Amino acid sequence: MIYSDFISPQTQFYQMTVPFKLEGGEALTGVQVAYRTWGELNAQGDNGVLICHALTGSADADDWWEPLFGSGKAFNPERDFIVCSNILGSCYGTTGPTSINPITGKPYGVSFPEITIRDMVHLQAALLEYLGVQSLRLVIGGSLGGMQVLEWALLYPEKVKAMPTEGCAYAPIAVSGRHSAWCIGLSEAQRQAIYADPNWQGGNYTLDAPPNKGLAVARMMAMSTYRSWDSFTSRFGRQYDASEQFAIASYLQHQGQKLTERFDANTYITLTQVMDRHDVARDRTAPNLSDYESVLQSIQQPTLVVAIDSDILYPPVEQQELANLIPNAQLAWLKSTHGHDAFLIDMAAMNEILISFQQSLDLPAS
């Protein structure tokens, strides 16, 4: 599989000239970051907006969030300099398991080092410095993207202005402050499906014989958690398709096959493990706080926490917790039957929530 075929022509690349040190102590040399931008950076360098993508996403935010882009929309290139980069560890242009290890001349594969959400954020910060962005008006993302948003709030609070009248804030969507046993268990089951594929070969598979059956099953499991009981019931019920199998079965098989055509198994393993390690209080030295509640209470900037009422993967109680603990947070509800993926489906409602939030911050202080 040539994953570069899935990188849009508009994608740009930043090549680091110094080793990139990971949280675990290892260093990656020759790190590359794939990114997209929209709009122009102003003279002060303070009109930046950073979009953080989810598990199998790419830097093409105007593709998966297209209805949110444009004049009068949540992401307005006439006002903002919008940046979205492919995350560290992915396979769409940024260094990850499918990249060539400059030391061996071969793809990293299973030897790609352990990374964290904080590593992803540090790399994004390096990209923004390269682009000349001095401060950000908004950092936003859903699911894995939301994890990055929370770490941005803790690692680089100075990058996002804390002036409400300037509309600067964080927006974590459909996410928790730490991965639950529920999510970790689901991720482990997906990984075991990949490990059980005879082509897995301990992660040392070849490009012409990847563990696609296992990856497809993992995706089928994941898709079942990205939707909801209402969504599957209303769309599929107990209907049969033309092949005389349940329509829901055909749908999940199709989704599994689609992912194998565009994504890498080692990458999937790497990124789901990153998500499992997500915990804003883990080994926190800056701010130097030891407990989960205090870490979240240290976030001072305005924060919009978006909860999806039908989300079974990151249930609303987790977003309510974030909104309760972050001092300047407000909770917004995306009401939908579509489950976790509603932030990528109910885009008109998502756009309205974000515009309303931004307008509330742009109001002069009373």
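I take buried to mean under 20% relative accessible area. Aspartate 60, with a relative accessible area of 9%, is therefore buried. The model I am reading is a predicted one.

**Entry 1: the pair at aspartate 60**

I looked up the partner of aspartate 60 and found a salt bridge between its side chain and that of arginine 36, at 2.7 Å from N to O. Arginine 36 lies in strand β4 (residues 32-38), while aspartate 60 lies in the loop between β5 (48-52) and α1 (61-64). The two are 24 residues apart, and I note that the pair links distant parts of the chain. Arginine 36 also counts as buried, at 6% relative accessibility.

I searched the whole structure for salt bridges and recorded 13. Which residues meet glutamate 23 in salt bridges? I found arginine 118, at 3.1 Å from N to O, and arginine 282, also listed at 3.1 Å from N to O.

Glutamate 23 is in the loop between β2 and β3, and arginine 282 is in the loop between α8 (265-276) and α9 (292-297), 259 residues apart. Arginine 118 belongs to helix α2, so its pair with glutamate 23 ties together parts that are 95 residues apart in sequence.

Glutamate 23 is partly exposed, with a relative accessible area of 33%, and arginine 282 is partly exposed at 22%. Arginine 118 is buried, at 5%.

Salt bridges that share partners join Glu23, Arg118, Glu151, Arg282, Asp283 and Arg284 into one network. Is glutamate 151 buried or exposed? I found it buried, with a relative accessible area of 2%. Leaving aside neighbours within four places in sequence, its contacts include Ile117, Arg118, Val121 and Arg284.

**Entry 2: the nonpolar cores**

I turned to the nonpolar residues. The largest nonpolar core has 80 residues, and those with the most contacts inside it are Leu88, Val139, Trp152 and Tyr268. Helix α2 (residues 117-131) supplies the largest share of this core, nine residues. Apart from this core lies another, of 32 residues, among them Ile51, Trp65, Leu68 and Met350.

I examined valine 139 separately. Not counting residues up to four places away in sequence, valine 139 touches Leu50, Cys52, Val149, Trp152, Val160, Ala169, Tyr170 and Ala171.

**Entry 3: the aromatic rings**

I recorded 17 aromatic pairs in the structure. Tyrosine 14 and tyrosine 130 form a stacked pair, with 4.4 Å from centre to centre and 20 degrees between the planes. Tyrosine 14 is in strand β1 (residues 12-15) and tyrosine 130 in helix α2, 116 residues apart. Tyrosine 14 counts as buried at 13% relative accessibility, whereas tyrosine 130 is partly exposed at 47%.

Tyrosine 195 and tryptophan 200 form a tilted pair, at 5.3 Å centre to centre and 45 degrees between the planes. Here tyrosine 195 is partly exposed, with a relative accessible area of 28%, and tryptophan 200 is buried at 10%.

I also noted one aromatic cluster, formed by Trp38, Trp64, Trp65, Phe69, Phe75 and Phe343. Trp65 was already listed in the core of 32 residues. Lastly, I looked at the ring of tyrosine 292 and found the charged end of arginine 178 sitting over it, 3.6 Å from its centre.

Key. Residues numbered from 1 in each chain as written. Predicted model: local features only at pLDDT ≥ 70, side-chain atom pairs only at ≥ 80, totals over all residues. Heavy atoms only, no water. Core = buried A, V, L, I, M, F, W, Y, C linked by side-chain atoms within 4.5 Å. Buried < 20%, exposed > 50% of the residue type's maximum accessible area, 1.4 Å probe, protein only. Helix = DSSP H or I, 4+ residues; strand = E, 2+ residues; numbered from the N terminus. Contact = heavy atoms within 4.5 Å. Salt bridge = Lys/Arg side-chain N within 4 Å of Asp/Glu carboxyl O. Phe/Tyr/Trp six-rings, centres within 6.5 Å; stacked < 30°, edge-to-face > 60°. Lys NZ or Arg CZ within 6 Å of the ring centre and 35° of its normal.
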